[in-house]
Amino acid sequence: MTPAASLREEARLVVLALQFVTRLPLPADAGYTPDRMRRATRYFPLCGALIGALLGLVFAAAAAVFPPAVAAVLTLAAGVRLTGALHEDGLADMADGLGGGLTRERALEIMRDSRIGSYGAVTLMLALVLKLAALAGLGAAAGGWAALGALVAAHGLSRLASVIVMVRLPYARDEGKAAFAAAGPGRDGMAIAWATGGALMLGLWIGAGLAAALTVLALTVAATLFMARMMMRRLGGHTGDGLGAVQQVAEIAVLLGLLAWA
């Protein structure tokens, strides 16, 4: 493959990743294959950063007119619309499965159910409230443009966390919607994902300071390890819902880490 063709393929993988994690009206890729979708996961952190940038612009614009709490609600609403609540749905399903399933098999069965139960509803409510409070606090303490940087970091780093779990843990089901990603993006793909995460951490260091960046790193690593250990112990590996739950918990960890130093 020539360098030009290689670059075109990488650009197509970025679009493919965006199609998976957002509801943006992008043209369908006629060359879709599960293997190409697997390789596209290397760009999930980059797509997360782009999502965070769009939501940060929403927050900054809303905060110029409304109080930070209202701007935070509007930003969360925009995020749900932009992503189709993909990861929020995963968090709720995983909470229902682990909360209501006493065995691995029962937990996985419950997670397939499209209906939301009490565990899922309460967990989702708490996650949204935490994100709302953290965003409002960041906006009040540091302003709308600082919140923009926080959202870029939170959405990018949290998707890196989900890719890491995808690579480190086996797939828990025999088959499923997330089976394409079971092998992860490969060594070269992980280098791209790690480089994106490194750039985001460098941006945090420059923008928020070393103490804030280290706090974010510590909380995000702790949240990712906790979620990975729980999934391995209860499910024997990761699922698509589990990866969505990792993203949500890691996103909250980044926002709280930055709020602690705002």
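Val-221 is partly exposed, with a relative accessible area of 42%, where buried means under 20% relative accessible area, exposed over 50%, and partly exposed in between, for a 1.4 Å probe and protein chains only. The model is predicted, so local features need pLDDT of at least 70 and side-chain atom pairs count only at pLDDT 80 or more, while totals for chains, interfaces and linings use all residues. Residues are numbered from 1 along each chain as its sequence is written, and side-chain values use heavy atoms, with hydrogens and water left out.

Val-221 lies in helix H10, helices being DSSP runs (H or I) of at least four residues, numbered from the N terminus. A nonpolar surface patch of about 810 Å² includes Val-221, together with residues such as Trp-205, Ile-206 and Leu-225. Helix H9 (186-208) and helix H10 (210-235) each supply at least two residues of this patch, and H10 gives the most, with five.

Beyond its neighbours within four places in sequence, Phe-44 is in contact (heavy atoms within 4.5 Å) with residues including Phe-20, Met-37 and Arg-159.

Arg-36, found in helix H2 (residues 34-40), counts as buried at 8% relative accessibility. Leaving aside neighbours within four places in sequence, Arg-36 is in contact with Glu-9, Arg-12, Leu-13, Leu-16, Asp-29 and Gly-31.

Note on methods
Patch = residues over 30% accessible without salt bridge, like charges linked within 9 Å, V, L, I, M, F, W, Y side chains within 5 Å. Areas by Shrake-Rupley, 256 points an atom, 1.4 Å probe, with all protein chains shown as cover. Salt bridge = Lys/Arg side-chain N within 4 Å of Asp/Glu carboxyl O.
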